[in-house]
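Please keep the coordinates in view while reading.

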Amino acid sequence: MDIFRVLARGANVRKNDKNVGKNVDFSMTNTAREDAATSDDHLTRELDFFHNKRIAKKVENSKERQDESNNSEHEEEEESYKFEQPRITNAEEAAALRKSYKGKITGEDVPLPIGSFEDLITRFSFDKRLLSNLLDNHFVEPTPIQCEGIPLALLERDILACAPTGSGKTLAFLIPLVQQIISEGKDQSGLRGLIISPTKELANQIFSECMKLAHRVYLDKKRPLQVALLSKSLSAKLRNKVVSEKKYDIIISTPLRLIDVVKNEALDLSQVKHIVFDEADKLFDKTFVEQTDDILNSCNNPKIRKSMFSATIPSNVEEIAESIMGDSVRVIIGHKEAANSDIEQNLIFCGNEEGKLIAIRQLVQEGQFKPPVIIFLESISRAKALYHELMYDGLNVDVIHAERTQIQRNKIIESFKSGELWCLICTDVLARGVDFKGVNLVINYDVPRTAQAYVHRIGRTGRGGRAGKAITLYSKLDSVAIKPIINVMKQSGCEVAEWMEKISKISKKEKEMIKKGKSVKERKDISTVPKLNKMKRKQRHDMIEASKKRRFQDGEKSQDGEEQTKQ
Ligand SMILES: Nc1ncnc2c1ncn2[C@@H]1O[C@H](COP(=O)(O)OP(=O)(O)OP(=O)(O)O)[C@@H](O)[C@H]1O
């Protein structure tokens, strides 16, 4: 039971780190980055998207440059950068680069990719302040999707891009967007860049990334680049005309919130020149398609450039993309149906529901439950039930689902990022896009309903070139739903035992039911504890809570008493 005690302690491995409490990057602090350089030695060039060894060196160089030019004027700072020659200058070099990262690029008149961020200076008169922001944030070399996506967007092309989870798609659309706003900035004002994301958490994260790039970027001598997250309070301010809609150059929003302000005529989208759909397949599925369509209709600038990004692009989304984009380029990095190759994928057959809880406890006891861990479940009630089970076990866990308030959700995410919280239980609300860099293990307590959901869920680990592990628990009930997962595993190059492959094929009817979100059979409740024991546990829990409340109230009363006597 030792590991239980360790996990339950909730100690923070990084308590002494001055960064704790901020948005700490588990994997990419300087020391960790150097460690990564050594531990990632086994990665081939093809898989080492983030070029860890060279990153450490380049960041050092950037630091030296910064120290030298400390307190110098902006122009002088720009001067101090000395760049290598661009590395991609012809079709042969481009073909070799694309082969190295398995990039398939289709479309008319496809431009050369960039081989380094320095390429941008020579080929696109890239803003040097923006480049220096990239380097200062340790973004030293472009990832494959950035090599392809950035030049395409800068050349005003529509893009449909599919690249693995955690491979840097966010910067692939943010870098050119910020650059384009800078280039247009002197002559234009008002909202020109719009980024749509399916969840608030992801919108928040994109906003933070964008702010890193926008730091000290000026569109002219007096006007800084203005980026906004369309929060509840900003929507209210726009509606009440407390702030002018003309103030912002780039806005990041979820579909519903945006539609709300647009319908209230508090925001005009007619000047938007660049629209990005992050997690495009989600935004064009049945949950969001109507709202996404409304947004597109409101963006009536005929010269609008559209981009769609996701780690999964099913064929119906390709059709939609074709119908709404002109002269688009399709960028696929790696295998379209596969998961990120840095993730070790495993399946554990648990027999029945009780078996799943036993499997989790076994993982803990065997030392395989290495935090930070994320556990995904299919519904709010099941996520709550597992949370209570693991909390009673004394694990350092918390839970996020749609019924938790935004403040609670943000707080939990922060404590998970800072290392205070070790195990996060959640529904699919966190399955897409959210960048927890150091997650060691993702557990699918319930089998995801589609191959796409699986790819995104397990993609919360193995990010930024780091290794990760995913375990999917399944019972007899899941023998049908597990088939698409096995296919993804095979496409990703994972070994799948022969007996697993023999699992029955899915009938059309069952496929439809899974798609519609209906379980083929009802699941049993989550618990290994007999009902009577559970009742006793609950009584004990309620008694402790009541006594805590009494003590708190008594404390308040005596404090009141003290106050009164003081007065
Ligand atoms: N060029 C780069 N060099 C180093 N790190 C990078 C680079 N580009 C992105 N990153 C980092 O890699 C991590 C993953 O990037 P990002 O969140 O954009 O992935 P993604 O492809 O959008 O994943 P998902 O499909 O899950 O949304 C982030 O922490 C990001 O800061």
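Domain bounds, as used here, come from an automatic or database domain assignment. The model is a predicted one, in which local features need pLDDT of at least 70 and side-chain atom pairs count only at pLDDT 80 or more, while totals for chains, interfaces and linings use all residues. Residue numbers start from 1 along each chain as its sequence is written.

The protein is divided into domain 1 (3–70), domain 2 (101–333) and domain 3 (343–515). Taken over C-alpha atoms, the centres of domain 2 and domain 3 are 30 Å apart. Their contact takes 16 residues from domain 2 and 16 residues from domain 3, two residues being in contact if their C-beta atoms, placed from the backbone, lie within 7 Å. On the side of domain 2 that touches domain 3, the elements giving two or more residues are α10 (200–214) and α13 (280–283); α10 gives the most, with four residues. Helices (H or I, at least four residues) and strands (E, at least two) are DSSP runs, numbered from the N terminus. By this assignment the protein has 23 helices and 14 strands.

Attention now turns to a sheet. Six strands form an open sheet with parallel pairing, in the order β9-β14-β13-β10-β12-β11; two strands pair if DSSP finds at least two bridges between them. Because β9 (343–351) and β11 (397–400) stand at the edges with a single partner strand each, one side of each is left without a neighbour in the sheet. Within the sheet, four bridges join β10 (residues 373–376) to β12 (residues 423–426), and these two strands run parallel. I374 stands opposite L424 in β12.

The ligand site brings the domains together again. Domain 2 (101–333) and domain 3 (343–515) both give residues to the shell around the ligand, so the ligand lies between them. The ligand is surrounded by 21 residues, of which the closest are T165, G168, K169, T170 and G433; a residue is near a molecule if its C-beta atom, placed from the backbone, lies within 6 Å of it. Helix α9 (residues 169–185) supplies the largest share of this shell, three residues. By class, the shell holds six nonpolar, 10 polar and five charged residues, where Ala, Val, Leu, Ile, Met, Phe, Trp, Tyr, Cys and Pro count as nonpolar, Asp, Glu, Lys and Arg as charged, and the others, Gly among them, as polar.
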